[in-house]
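Please open the model in your viewer and keep the sequence panel beside it. The tour below goes from stop to stop, saying what to select and what is there.

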Amino acid sequence: MIRFFNTLSGRVEDFVPLRPGEVSLYTCGPTVYSPQHIGNMRAYVFEDLLKRFLIFSGFRVRHVMNITDVDDKTIQGAHAEGVSLQDYTRKYIDAFFADLEALNIRPADHYPRATDHIPEMVAIIKGLLEKGLAYRKDGSIYYSIAKFPAYGRLSKIRADDLRPGQRVEADEYEKESVRDFALWKAPKPGEPVWETELGPGRPGWHIECSAMSAKYLGPTFDIHCGGVDNIFPHHENEIAQSEAYWGRPFVRTWLHCQHLVRDGEKMAKSKGNITTISQLVAAGVDKLTIRYLLLSTHYRKTLNFTPETLSQARAARERLLDFVLALEGIPPRRPAAPGLSDHLAEARRGFTEALGDDLNIAEALAALFEFIRKINTLTAAEALGADDARRILDFLGELDTVLGVLPSKKEDLLPEEVQKKIAAREEARRAGDFRRADEIRAELLRAGIKLEDTKDGVRWKRVTKDGPAP
Ligand code: AMP
Ligand code: ZN
């Protein structure tokens with residue numbers, strides 16, 4: 001049984017999807033007004049872990065992630081640059097997809113864009129007007145939160161905090177200013193305008209997700225995710241809009257990840273403390289090390305981004321890669337090790353049970369590293385055969401369908417330092433400095449990497465105590 005902490009109930013609950021064997025998942029996507037920072041990416045990596053674990057556990061997952069390409073921030077950005085909204089958001093949409101790929105995040109089934117779903121939003125707003133839950137004011141349309149008794153259930157706002165009839169125009173606001181929020185915004189000079197049945201204007205941010213989730217997943221679906229900053233007002237407002245319009249429960253399980261912080265402060269563009277994937281990659285950090293960092297802290301704990309946490313992630317991942325490399329180097333002549341099946345079963349159980357317990361990644365990784373420790377003991381005692389190594393590698397491949405941190409190319413199993421040394425040796429050879437090239441080669445051999453120059457270029461092998469790899 002899989003269990004998740006549901007923000008709505010405030011408890012860890014057994015997860016039972018609406019339809020057996022299938023999970024419908026909606027995750028709030030990027031607002032494409034700037035490059036995504038690693039705080040945003042933390043949310044997407046957590047959602048990817050969730051999805052991969054559900055697939056690993058045998059579910060079919062239908063995943064929708066929206067792209068917010070019209071809201072206060074995108075409009076301001078386009079205006080400041082003097083370009084159309086579409087031209088402005090396009091480059092950030094492209095960059096977003098490049099970041100997803102860099103971090104080995106599995107694609108969603110749909111990436112609906114808000115600007116392609118205006119009619120769906122208009123239909124809901126019309127319905128809310130007809131039901132008396134929304135009202136017009138100065139060309140805009142607002143949601144009357146006092147008419148929706150369950151307002152505040154997700155974010156635990158108290159009924160006496162509500163200020164009926166007071167309005168807020170901005171897409172984003174704090175709990176202190178809980179008010180009637182804008183579903184549809186009256187035209188303003190310099191802003192994009194849609195001519196619709198409601199009159200001219202443009203949507204508020206919150207209605208976008210209510211419309212797009214229902215279109216692709218239906219009015220009720222299993223899991224909705226985002227960062228904790230989405231709980232209020234965004235997700236609270238989504239519930240109010242969707243449940244009032246459809247007359248049905250909206251989402252069964254809400255999962256929210258804590259923030260990535262730097263120097264104790266949430267990473268956010270508005271705070272001026274952001275780091276992007278491309279900046280880290282340009283500084284020489286492996287993309288999958290970034291993934292490991294974002295993945296390896298439990299999603300409900302704050303993740304501190306510091307040089308130390310980054311190098312801890314690098315070290316942990318390199319331990320894993322080194323383990324794979326060593327297994328690749330087991331000579332074929334050795335007999336099978338007794339007890340391997342038990343070790344494999346224990347590691348599988350530890351890993352699966354931990355993730356099934358509200359995605360406890362720290363314990364899942366602990367089970368994996370405990371397994372590595374045991375196998376390393378066997379390897380050191382020369383008690384592991386090549387067939388054993390194959391079985392272990394297959395097992396790791398299976399776990400990595402969840403973790404997604406192993407490289408697809410064998411070369412990338414080598415630690416960054418070693419890859420750099422191989423490149424430096426090539427450089428020295430090209431420059432005719434064979435003494436330097438030989439020095440590097442000897443250095444690498446001492447570190448267990450044997451280089452061979454073939455007509456197809458340089459090859460390397462991991463060498464173990466009892467000789468080279470097969
Ligand atoms: P946005 O583009 O601001 O709408 O954010 C996209 C996603 O990133 C949302 O799910 C946010 O909750 C999440 N997010 C934004 N900043 C952070 C952060 N510092 N740490 C974790 N998640 C974040
Ligand atoms: Zn959303």
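The stops begin with the whole chain and then move to selected sites.

This is a predicted model, in which local features need pLDDT of at least 70 and side-chain atom pairs count only at pLDDT 80 or more, while totals for chains, interfaces and linings use all residues. Residues are numbered from 1 along each chain as its sequence is written, chains are lettered from A and ligands numbered from 1 in the order in which they are written, and side-chain values use heavy atoms, with hydrogens and water left out.

**The whole chain**

Start with the protein chain as a C-alpha trace, which spans about 80 × 50 × 35 Å along its principal axes. Switching to a cartoon brings up 14 helices and 18 strands; these are DSSP runs numbered from the N terminus, helices being H or I with at least four residues and strands E with at least two. Of the 470 residues, 53% count as buried, where buried means under 20% relative accessible area, exposed means over 50%, and partly exposed lies in between, with a 1.4 Å probe and protein chains only. Among the contacts (heavy atoms within 4.5 Å) with a separation of 6 or more, 73% come from residues 24 or more positions apart.

**The zinc ion**

Select the zinc ion (ligand 2) next, and display its protein donors, which are Cys-28 (SG), Cys-209 (SG) and His-234 (NE2), at 2.1 to 2.2 Å from the ion. Donors here are N, O and S atoms within 2.8 Å of the metal (3.2 Å for Na, K and Ca), and water is not among the atoms, so sites may look incomplete. The donor spacing in sequence is C-x180-C-x24-H. Distant parts of the chain are linked by the pair Cys-28, in the loop between β3 (22-27) and α1 (38-56), and His-234, in helix α6 (residues 231-246), which are 206 residues apart. Cys-28 counts as buried because its relative accessibility is 8%, and His-234 counts as buried because its value is 1%.

While helix α6 is on screen, pick Pro-233, which is found in this helix. A cis peptide bond joins Phe-232 to Pro-233, with omega about 0°.

Which residues touch the most other members of the largest nonpolar core? Select Leu-54, Tyr-143 and Ile-223, which hold that place in a core of 140 residues; such a core is a set of buried Ala, Val, Leu, Ile, Met, Phe, Trp, Tyr and Cys residues joined through side-chain atoms within 4.5 Å. Helix α1 gives the most to this core, with ten residues.

Is Asp-48 buried or exposed? Asp-48 is buried, because its relative accessible area is 2%, and, apart from neighbours within four places in sequence, Asp-48 is in contact with Asn-104, Ile-105, Arg-106 and Arg-291.

Move to strand β1 (residues 3-6) and strand β2 (residues 11-14), which pair in the antiparallel sense over four bridges; two strands pair if DSSP finds at least two bridges between them. Asn-6 has Arg-11 in β2 as its bridge partner, and among the four residues between the strands, Gly-10 takes a positive phi near 75°.

Then select helix α4 (residues 118-130), where Glu-130 lies. The buried residues of α4 are Ile-118, Met-121, Val-122, Ile-124, Ile-125, Gly-127 and Leu-128, whereas Glu-130 is exposed, with a relative accessible area of 64%. After α4 comes Gly-132, with a positive phi near 80°.

Three strands in the order β14-β13-β15 form an open sheet with mixed pairing, and its edge strands, β14 (265-266) and β15 (303-304), each pair on one side only. Strand β13 (residues 260-262) runs parallel to β15, joined by two bridges, and Leu-260 stands opposite Leu-303 in β15.

In the loop between β13 and β14, select Asp-263, whose phi is positive, near 50°, in a residue other than glycine; Asp-263 is exposed, with a relative accessible area of 75%. End at Leu-359, in the loop between α10 (340-356) and α11 (361-380), where phi is again positive, near 55°, but Leu-359 is buried, with a relative accessible area of 1%.
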